[in-house]
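Reader: Could you take me through this structure, please? I have not seen it before.

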Amino acid sequence: MSSEEIKIVAVLGAGTMGNGIAHVFARSGYDVILRDVERRFLDRGLDTISKNLDREIKKEKIAAADKPVILARIQPVTDISSIAAADIAIEAVPEQLDLKVRVLREADAAVKPGAILASNTSSISITQLAAQTSRPDKFIGMHFMNPVPMMVLVEVIRGLATSDESFHTTMSLCEKLGKTPVAVNDAPGFVSNRVLMPLINEATFCVMEGVATPEAVDAVMKLGMNHPMGPLQLADFIGLDVCVDILEVLYKGFGDSKYRACPLLRKYVAAGWLGRKSGRGFYVYS
Ligand SMILES: NC(=O)c1ccc[n+]([C@@H]2O[C@H](COP(=O)([O-])OP(=O)(O)OC[C@H]3O[C@@H](n4cnc5c(N)ncnc54)[C@H](O)[C@@H]3O)[C@@H](O)[C@H]2O)c1
C-alpha cells in the first residue's frame, strides 16, 4: 500500500501518546478511529485533544474554525471490529509485552490484509512483535515523541521482515504529517533510548557519588552542551520508573553491564519518587 492510499488511521489506546497521534493525523486531514477499552478513557483522550487544539489556536498554528472539523474526523470506539476500515493501525497501549501482543493480534485479525500495523513501543523489539502477527512484512515501528503534536521526530524502526514498501509508505506518511522520520534498524532501545538512557543513568551516578547536585548536573548540560533540558529534568518528565524499565531492556538485550540502572534511580522508584507524575523525583513539584 502506498502512502497516498492511506485515508483511514486506527489508533489503539487514547492515552498520552495515542491521543497525540490521533491529534496529528486528524489535523492533517485523515479520518481517525480511536480505540480504547472504556468510554471514559476515550473521553479523557478527546478532552486532551480539545485542550491541545485550543493551545494551537492561541499560538495561531490553526484557525478556530478548524477545531470542530478536526475533532469531527476522530471517531471514538471501544469495539475492535470498528477498526476494520483502517488502512494502518498504530498501537499505543501500555509498554507490556503480553498486552501489546494481544492488542496487535486483535488488530491483525480486524483490519484488511493489505493494511500496515505499527507500534509506538519505546523499547520492545519490533521484530518480536511483528512475528506475533500474520503480516511481519507489513509491520513497523513508529516511535513518536512526547508531546506528539509538538515534537518533530518520528523514529521509524524496521523489523527484520519489514518490506521496503511498508518502510517507504511509513516514511512518506510521517512526512505528510509534517514530521521528520528518521530510519533505524531494530535493536534494543533503537537509537533514541540507547543514547538517552545511558546519559540519564550517568547523570544519576554523578548525583549518587556526590560529584554534583541535580541542579548542577542539569546546568552543565544545558549551558555547556546546549541541551534545552537537563538530563535529570528530562528523566523526571519521562518518569523514573519508565527510565529503569528501559535500562532493564538495554541491560538484558545487550547483556552488557554498562546499561545497569544506577542504584539511586532504583531507590527513587522504590520510594515512589517517579518524577513529575508523582510530585517528586530529582526535583520537587508543587
Ligand atoms: N509517554 C511517553 O513519553 C512515550 C513516548 C514514546 C513512546 N511511548 C510508548 O507509547 C506507548 C503508550 O504509552 P502512553 O504513555 O501513551 O501510555 P498511557 O498509559 O498514557 O496510555 C495507554 C492507553 O492504552 C489504553 N489501553 C489499554 N489496553 C488497551 C487495549 N486493549 N486496547 C486499546 N487501548 C488500550 C489505556 O486505557 C490507556 O488509555 C507505550 O508503548 C510507551 O512505551 C510513550
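This is a predicted model: local features need pLDDT of at least 70, side-chain atom pairs count only at pLDDT 80 or more; totals for chains, interfaces and linings use all residues.

Reader: How many residues surround the ligand?

Author: There are 23 residues around the ligand, and the closest are Met17, Asp36, Glu95, Lys100 and Ser122. By type, the shell holds 10 nonpolar, 8 polar and 5 charged residues. Here Ala, Val, Leu, Ile, Met, Phe, Trp, Tyr, Cys and Pro count as nonpolar, Asp, Glu, Lys and Arg as charged, and the others, Gly among them, as polar.

Reader: And which polar side-chain atom lies 2.7 Å from an oxygen atom of the ligand?

Author: That atom belongs to Ser122. A polar contact is a pair of N or O atoms within 3.5 Å.

Reader: Which elements give two or more residues to the shell?

Author: They are helix H1 (16-27), helix H2 (39-58), helix H4 (97-110) and strand S6 (139-144). H4 gives the most, with 3 residues. Helices (H or I, at least four residues) and strands (E, at least two) are DSSP runs, numbered from the N terminus.

Reader: Now the sheet. In what order do the strands run?

Author: The 8 strands form an open sheet in the order S3-S2-S1-S4-S5-S6-S7-S8, with mixed pairing. Strands S3 (74-77) and S8 (180-185) are at the edges with a single partner strand each, so one side of each has no neighbour in the sheet. Two strands pair if DSSP finds at least two bridges between them.

Reader: In what sense do S7 and S8 pair?

Author: Strand S7 (residues 153-158) and S8 are parallel, over 6 bridges. Ile157 stands opposite Val184 in S8.

Reader: Lastly, which peptide bond is cis?

Author: The cis bond runs from Asn146 to Pro147, with omega near -5°. Pro147 lies in the loop between S6 and S7. Elsewhere, Glu60 has phi near 60°, a positive value in a residue other than glycine; Glu60 is in the loop between H2 and helix H3 (66-72).

Technical notes: Residues are numbered from 1 along each chain as its sequence is written. Side-chain values use heavy atoms; hydrogens and water are left out. A residue is near a molecule or strand if one of its heavy atoms lies within 4 Å of it. A polar contact is a pair of N or O atoms within 3.5 Å; within protein, one must be able to donate a hydrogen and the other to accept it, and residues adjacent in sequence count only if both atoms are side-chain atoms.
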